[in-house]
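Here is a short note for a colleague who is opening this entry for the first time. Please read the points with the model on screen.

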There are 2 protein chains.
Amino acid sequence: MTNIKDVAKQAGVSASTVSRVLSGKNCVNRETRRKVLEAARALDYSPNVLAKGLKMGRSNTIALMVPSIENEIFPTIARGVEDTARKSGYTVILCNTYEDVAVEQAYINKLRTRWIDGFIVASMLPNSDHIRSLWEDGFPVVLLSRYYGDPVDAVIVDNVQAAYDAVNYLIRGGHKRIALALGRKELPFYADRWAGYRAALADNGLPYDERLVLHETNGTNSFYHLTKELVKSDLRPDAIFATSDPKAVVVMRALHDCGLRIPGDISVIGFDNAYISSMIEPPLSTVSQPLYEMGVAAAKRLIRRIRSREDKTPAEPPSVEVMPTDLIIRRSTR
Amino acid sequence: MTNIKDVAKQAGVSASTVSRVLSGKNCVNRETRRKVLEAARALDYSPNVLAKGLKMGRSNTIALMVPSIENEIFPTIARGVEDTARKSGYTVILCNTYEDVAVEQAYINKLRTRWIDGFIVASMLPNSDHIRSLWEDGFPVVLLSRYYGDPVDAVIVDNVQAAYDAVNYLIRGGHKRIALALGRKELPFYADRWAGYRAALADNGLPYDERLVLHETNGTNSFYHLTKELVKSDLRPDAIFATSDPKAVVVMRALHDCGLRIPGDISVIGFDNAYISSMIEPPLSTVSQPLYEMGVAAAKRLIRRIRSREDKTPAEPPSVEVMPTDLIIRRSTR
DNA sequence: GAGTGCTATGAAAACGTTTTCAAAGCGGCT
DNA sequence: AGCCGCTTTGAAAACGTTTTCATAGCACTC
């Protein structure tokens with residue numbers, strides 16, 4: 001590996017001068033600059049980032065913490081983050097936490113020492129105090145999708161409104177008895193979608209019936225039996241709002257196995273606009289989150305924070321960015 | 001940030017001793033060790049990885065290069081890689097290359113200078129000489145899924161055999177005219193699946209008819225029209241083998257829209273056992289690759305290479321690890 | 001009692017940068 | 001001639017580790 005001294009020797013100057021040229025300082029003679037650049041090219045020199053990072057106190061690296069990259073929404077988010085980071089000269093470290101505090105803790109410790117420049121956290125839980133300590137200790141942090149009102153930057157969607165819109169659409173379409181396939185309630189976005197569901201019912205003068213709310217027990221597949229039971233009861237709904245697309249797919253399978261037609265006998269609407277949702281039969285109506293753009297926004301925000309911290313410019317107060325959702329109507333609703 | 005000298009002062013010893021204790025050297029007095037550990041704990045010390053990496057000439061970081069993390073198989077692979085790396089003290093950098101040489105090149109250059117310890121490359125193309133130069137230059141590299149016979153470690157499945165098994169199963173089930181929904185031929189695994197398809201036909205005395213081979217034009221959706229056309233021609237097949245599950249889903253949609261019953265009128269079999277495949281109606285028969293395990297195997301192999309390079313132990317010759325596939329029969333085949 | 005070997009420790013060099021400080025060179029001014 | 005200010009450059013310190021080398025202490029052996 002050639003280092004800065006080799007380049008200096010080749011160009012007949014000192015290491016300081018090479019450093020100055022390569023980091024774009026202007027107080028260097030044109031001719032010298034030319035020689036240095038030529039020498040650097042000739043030796044195929046590229047600076048050692050570890051040494052640079054050590055000296056500068058930063059690594060140009062950010063960490064993306066997700067529950068699991070296999071979950072439907074995170075690959076797209078990760079692409080947004082990574083594309084944006086790359087364009088700004090940052091590298092992304094991927095952390096699957098499985099929502100396990102020990103794993104998160106290990107990453108945080110490890111990453112602290114790495115001089116990781118900042119975190120995008122999409123795996124926050126209400127009681128994740130080890131994550132809270134990150135921004136309390138002054139690390140740049142942006143929360144993604146899961147937000148609990150803390151004084152920290154965040155990128156989210158208005159889940160209440162989005163769910164409201166979906167349910168409202170069903171009601172306007174003439175549906176009277178709308179069931180809800182509800183994910184883990186401790187996750188804020190599911191809680192919000194639940195609230196939006198209730199609000200839409202209330203605003204349209206429909207009763208809220210707890211028996212129409214299917215609570216996830218263990219995993220997405222639990223909705224298979226829950227749906228079957230509900231449909232066979234005397235409470236058969238004319239529509240089901242699923243709080244995520246995979247849930248909607250399971251619901252549709254259950255309905256299909258009960259011999260019900262979608263949307264003839266019952267409408268189904270999902271949430272997330274996962275890739276799968278346009279592929280199944282019938283194509284699923286759903287609420288679309290701008291996942292890629294959310295990743296982009298989070299990365300931009302984080303990088304801005306990191307830079308402003310380095311520049312010692314006065315920090316702006318943290319703020320929350322609410323991204324727009326779209327209601328995408330396909331053929332699973334009438 | 002507290003550093004090793006602070007700990008040394010606190011413990012009343014020299015920095016060397018602290019370093020020795022913390023990196024587990026044995027030639028240090030019990031009592032001294034105790035004092036050092038106590039001081040380290042008291043000061044909440046953790047070593048600066050950049051400094052360590054600079055000194056040691058390694059970063060404990062590996063890079064995972066994928067075409068796009070959004071592609072069906074990569075999230076699972078990424079989990080396998082990341083879990084394994086974490087357990088061995090390595091951190092994973094995620095690189096979406098979009099199969100764009102410029103992006104790959106940028107990453108390689110960047111990562112070279114980072115003293116990235118090694119690469120897992122799942123985005124290799126036949127002409128990726130910039131990637132070839134990685135192992136030619138002595139970087140530890142493991143290829144994943146795409147392999148062209150180069151002298152380098154690789155983790156793959158036997159795509160010829162797997163496709164053979166799938167097609168053979170269809171033939172044994174009485175299918176006589178089997179179509180193929182074939183992905184980009186320049187990718188080795190698609191070429192191999194094609195070869196396996198031909199071999200199975202040949203071994204069973206069935207003719208190979210080029211008109212039954214649907215070639216992807218632009219994207220997965222191109223199979224929608226290709227399938228429709230084929231089905232309406234006088235060549236209507238009694239089964240379709242799709243070289244990936246998303247292709248199978250598109251094929252099924254086309255068949256459904258033509259009013260054909262699956263598997264009554266026509267059988268469909270896929271490849272990959274993507275999450276989606278068990279959810280759709282009817283659940284898709286498919287070939288399962290052990291994606292998670294492939295990620296694990298690639299990471300283990302890479303880490304072994306890295307370690308043996310550091311130990312200066314004589315390098316083993318590169319080898320190829322072939323993982324087993326399973327034929328998973330669901331309800332899309334009769 | 002001197003030599004030997006072993007353990008435990010510290011000082012200092014090294015890893016490859018960036019940046020501070022000092023100084024050299026030079027033109028222009030009094 | 002002396003001084004000032006500007007541009008350009010190099011020497012050296014610093015970032016936080018690990019590791020080499022040297023040495024001190026101590027128990028044995030002859």
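Between which helix and which strand of chain A is the loop where A:Pro263 lies?

1. **Two cis peptide bonds.** A:Pro263 lies in the loop between α11 (245–257) and β9 (267–272) of chain A. Helices (H or I, at least four residues) and strands (E, at least two) are DSSP runs, numbered from the N terminus. A cis peptide bond joins A:Pro263 to A:Ile262, with omega about 0 degrees. In chain B, a cis peptide bond joins B:Ile262 and B:Pro263, and omega is about 5 degrees. B:Pro263 sits in the loop between α11 and β9 (267–271) of chain B. Most peptide bonds are trans.

2. **Ground rules.** This is a predicted model, in which local features need pLDDT of at least 70, side-chain atom pairs count only at pLDDT 80 or more, and totals for chains, interfaces and linings use all residues. Residues are numbered from 1 along each chain as its sequence is written, chains are lettered from A and ligands numbered from 1 in the order in which they are written, and side-chain values use heavy atoms, with hydrogens and water left out.

3. **A positive phi.** A:Asn60 has a phi near 55 degrees, a positive value in a residue other than glycine. Most residues other than glycine have a negative phi. Look for A:Asn60 in the loop between α4 (49–56) and β1 (61–66) of chain A.

4. **The interface.** In chain B, 52 residues are in contact (heavy atoms within 4.5 Å) with 52 residues of chain A. The buried area is about 4800 Å², and carbon and sulfur atoms give 60% of that. Buried area here is the accessible area (1.4 Å probe) that two parts lose on being put together, summed over both.

5. The rule finds four salt bridges between chain B and chain A. A salt bridge is a side-chain nitrogen of Lys or Arg within 4 Å of a carboxyl oxygen of Asp or Glu. A:Arg253 forms a salt bridge with B:Glu281, with the closest N and O atoms 3.1 Å apart.

6. **What chain B supplies.** Five elements of chain B each give at least two residues to the side that touches chain A: α4 (49–56), α5 (74–87), β2 (91–96), α6 (101–113) and α11 (245–257). α5(B) gives the most, with seven residues. By class, this side of chain B has 26 nonpolar, 15 polar and eleven charged residues. Ala, Val, Leu, Ile, Met, Phe, Trp, Tyr, Cys and Pro count as nonpolar, Asp, Glu, Lys and Arg as charged, and the others, Gly among them, as polar.

7. **A salt bridge inside one helix.** The side chains of A:Asp83 and A:Arg79 meet in a salt bridge (4.0 Å, N to O). Both residues lie in helix α5 (residues 74–87) of chain A, four residues apart, about one turn of the helix. Over all chains, the structure holds 39 salt bridges.

8. **Around B:Arg112.** B:Arg112 lies in helix α6 of chain B. Leaving aside neighbours within four places in sequence, B:Arg112 is in contact with B:Ser133, B:Leu134, B:Asp137 and B:Phe139. B:Leu134 is 22 residues away from B:Arg112 in sequence, and the two are 9.1 Å apart in space, C-alpha to C-alpha.
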